[in-house]
Structures are given as structure tokens and as C-alpha cells.
Amino acid sequence: MSSPTPPTARRTALVTGASSGIGAAVAAALVERGYRVFGTSRSPEKVAEPITGVEYLALDLTDYASVEACAEAAGDVDVLVNNAGESQNGPIEELPMDAVERVFRLNVFGAVRLTQLLLPGMRARGHGRVVMVGSMLASFPLAFRSSYVASKAAIKGFSDATRREVSPFGVGVTTVEPGSINTGISERRTQYVAEGSPFEADYRTMVNTLNTNEAKGISAEKVTATVLRAIEARSPRPLYAVGSNAPLVFALRRLLPRSVMLRIVARKHGLR
Ligand SMILES: NC(=O)c1ccc[n+]([C@@H]2O[C@H](COP(=O)([O-])OP(=O)(O)OC[C@H]3O[C@@H](n4cnc5c(N)ncnc54)[C@H](OP(=O)(O)O)[C@@H]3O)[C@@H](O)[C@H]2O)c1
């Protein structure tokens, strides 16, 4: 077993999905703070704006062999940011099961497998941080987003339950739930709505609001500040949320009955 990492040692971070958006911003901030940073992409050679100081590794989270190869290539990792994700939309009746399975593979199972592979080293060294990038939609579920909401609720469940397993070994596990963040994710969202769908009108109303909110959302750099808090806190909290008026809406969530809260979320997206 290796001895605990001295506090002055240079820490290594692995950020999944570092080719754009929140992952790129987090990777850049960690380089600035002196970490050795591995950032992942399915196609590292095609990263549009590579960040100086980030070492890119190939990772497809839907493929366990790729997850294992990535963990092996990264070696000892002190900080894991499970950020990569697919945003998916569609009425539940019309979501193809292979799409639902893919979103869970990517947003949940791949991240869980990577975490499993990196936790033993963190434990042995007596220090580590795992940050799951969830979504505020897991706390505020929205119609036509069921597969995505469920995947982000699932990763939060893994995070919450794992905390006490590894905290005695100096390892902190946290979920960061972003609200609407202006990363261009709307253009990359997968959508499944059948032609002539009975949900078409409501679906379009919801999507238009969603895309407008994202375009008006806060920057990836603001989310990064929260991810850094989770990484650098002596005792990271189980959950941090950022964007979409998080402090106010989480306070309301504690006060309101669940049915009222769900209705407000729907109304905020144009659904009566
Ligand atoms: N933007 C928002 O409003 C918002 C709100 C709440 C939560 N989030 C969450 O925040 C995270 C980052 O979102 P973002 O807005 O920054 O999105 P983004 O810019 O679209 O980034 C997604 C990242 O995931 C990677 N990725 C996609 N498919 C992958 C796969 N199969 N295997 C491994 N990596 C894969 C992409 O890398 P390659 O394409 O290079 O492989 C990309 O770097 C996601 O988990 C998202 O759900 C975003």
C-alpha cells in the first residue's frame, strides 16, 4: 500500500468530457491551480480548442473497455470530475429503449465504473475527491426529460450513498447540480419525438423554453467555481447547486409540497 500523499505533492485530476463546456472550463481552472490534468474526449485528436497543460485521453463512457483503458492511462488520480454527459429529451412513450440505455451507460454506469477503478488508489493514498456533475433537473424534474432526469437522479444516489463508504479514508464524494448553463448543449441534445406525436405541442413549448433558458444561462466558468469549492473543501458537502437561482429555488423546494413544486417547474417551462 502506498503511503499517504504529502500535502505539498502535486495533485492529479481527471475531468471527463473536457472537450467543451463545463468540463473544458473545469480542466482549464485546475491547470491554473497547479494540478496535473487529464481531460477526456471520445476523439482527443479532434478537440476544437485544446487547453494548454491538459493531457487528453480517449474515453467513451458507453464502453467499459474504454473506461478501463482510460483509468489505466491516467494512473494515480486524486480528483475525479465525472462531468461528461448526454442531454436527452422525449416523451417517455416515444423514447427508444436503446437511447434510454445509452444515456444511462454514459451518465451513470460509465461514471460509476470509472469511479470504481479510481477509488482504491485514493483510499490507499488517504486523500481523494470525486465530483459527479448532475443536474438541477434531478431535484426539479421536468416533463419530456424523464430519461435525463432519472440518470442524473441515479448518479446523485450513487454519490450520496458512497460518501460514507469512503469518507473515513479521506475521500470526499459530492454532486454538483448545475441549472441552465450557456454551453451550447441545446445543439447537442438528443431528441426523440415521433411524427404526429400527441405530445408535439407541449413538447415544443417545453423545448423552446429550455433552449431559451440555456442561452440566457450562466457561464461554464461560474459552474467551475462551484466544482472547485467541492474539490478543495476540507469537508465537501453532499450537494452543491449553481445557476437558475439555485439558493432561492432550493429553499422553496424545502417549503412546498412536492406536487406544487412539480407544477411550478412545469409552468416555468410553459406547461399549464
Ligand atoms: N449545460 C447545461 O445547461 C447543463 C445543466 C445541467 C447539467 N449539465 C451537465 O453538465 C455536464 C457537461 O455539460 P456541458 O453543457 O458542458 O455539455 P457539452 O459541452 O455538450 O459537453 C459534454 C461532454 O461530454 C462528452 N461526451 C459525450 N458523449 C460521451 C461519451 N459517450 N463518452 C465520453 N464522453 C462523452 C463530450 O466529449 P466528446 O464529444 O469530445 O467525446 C463533451 O466533452 C453534463 O453531464 C450535463 O448533463 C449541463
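Is phenylalanine 250 buried or exposed? Phenylalanine 250 is buried, with a relative accessible area of 11%; buried means under 20%, exposed over 50% and partly exposed in between, using a 1.4 Å probe and protein chains only. The model is predicted, so that local features need pLDDT of at least 70 and side-chain atom pairs count only at pLDDT 80 or more, while totals for chains, interfaces and linings use all residues. Residues are numbered from 1 along each chain as its sequence is written, and side-chain values use heavy atoms, with hydrogens and water left out.

**Ligand surroundings**

- There are 28 residues around the ligand, and Ser41, Asn83, Tyr148, Thr183 and Arg188 come nearest; a residue is near a molecule or strand if one of its heavy atoms lies within 4 Å of it.
- The shell around the ligand comprises 11 nonpolar, 13 polar and four charged residues. In this classification Ala, Val, Leu, Ile, Met, Phe, Trp, Tyr, Cys and Pro are nonpolar, Asp, Glu, Lys and Arg are charged, and the others, Gly among them, are polar.
- Helices α1 (21-32), α5 (146-166) and α6 (185-188) each contribute at least two residues to this shell; helices (H or I, at least four residues) and strands (E, at least two) are DSSP runs numbered from the N terminus.
- An oxygen atom of the ligand lies 2.7 Å from a polar backbone atom of asparagine 83, and a backbone N or O atom of glycine 17 is 3.1 Å from an oxygen atom of the ligand.
- The side chain of lysine 152 places an N or O atom 2.9 Å from an oxygen atom of the ligand.
- On its own the ligand has 890 Å² of accessible area, of which the protein covers 91%; accessible areas come from the Shrake-Rupley method with a 1.4 Å probe.

**Aromatic pairs and charges over rings**

- The structure holds four aromatic pairs. Rings of Phe, Tyr and Trp (its six-membered ring) pair if their centres lie within 6.5 Å, and planes under 30 degrees apart count as stacked, over 60 as edge-to-face and the rest as tilted.
- The pair of phenylalanine 104 and phenylalanine 109 is tilted, because the ring centres are 6.2 Å apart and the planes stand at 45°. Phenylalanine 109 is partly exposed, at 37% relative accessible area.
- Phenylalanine 140 and phenylalanine 250 form an edge-to-face pair, with 5.0 Å from centre to centre and 85° between the planes. This pair links distant parts of the chain, 110 residues apart: phenylalanine 140 is in the loop between α4 (136-139) and α5, and phenylalanine 250 is in helix α9 (residues 246-255).
- Phenylalanine 140 is buried, at 9% relative accessibility, and the charged end of arginine 253 sits over its ring, 5.7 Å from the centre. A charge sits over a ring if NZ of Lys or CZ of Arg is within 6 Å of the ring centre and within 35 degrees of the ring normal.
- Arginine 123 lies over the face of phenylalanine 169, 5.4 Å from the ring centre.
- Phe144, Phe199 and Tyr203 are linked into a cluster by ring pairs.

**Backbone features**

- Most residues other than glycine have a negative phi.
- Phenylalanine 144 has a positive phi of about 70°; it is found in the loop between α4 and α5 and is buried, at 12% relative accessible area.
- Asparagine 245 also has a positive phi, near 55°. Asparagine 245 is placed in the loop between β9 (239-242) and α9 and is exposed, at 56% relative accessibility.

**A contact across the chain**

- Serine 186 lies in helix α6 and is buried, at 17% relative accessibility.
- The C-alpha atoms of serine 186 and leucine 210 are separated by 8.2 Å, with the two residues 24 apart along the chain.

Methods
A polar contact is a pair of N or O atoms within 3.5 Å; within protein, one must be able to donate a hydrogen and the other to accept it, and residues adjacent in sequence count only if both atoms are side-chain atoms.
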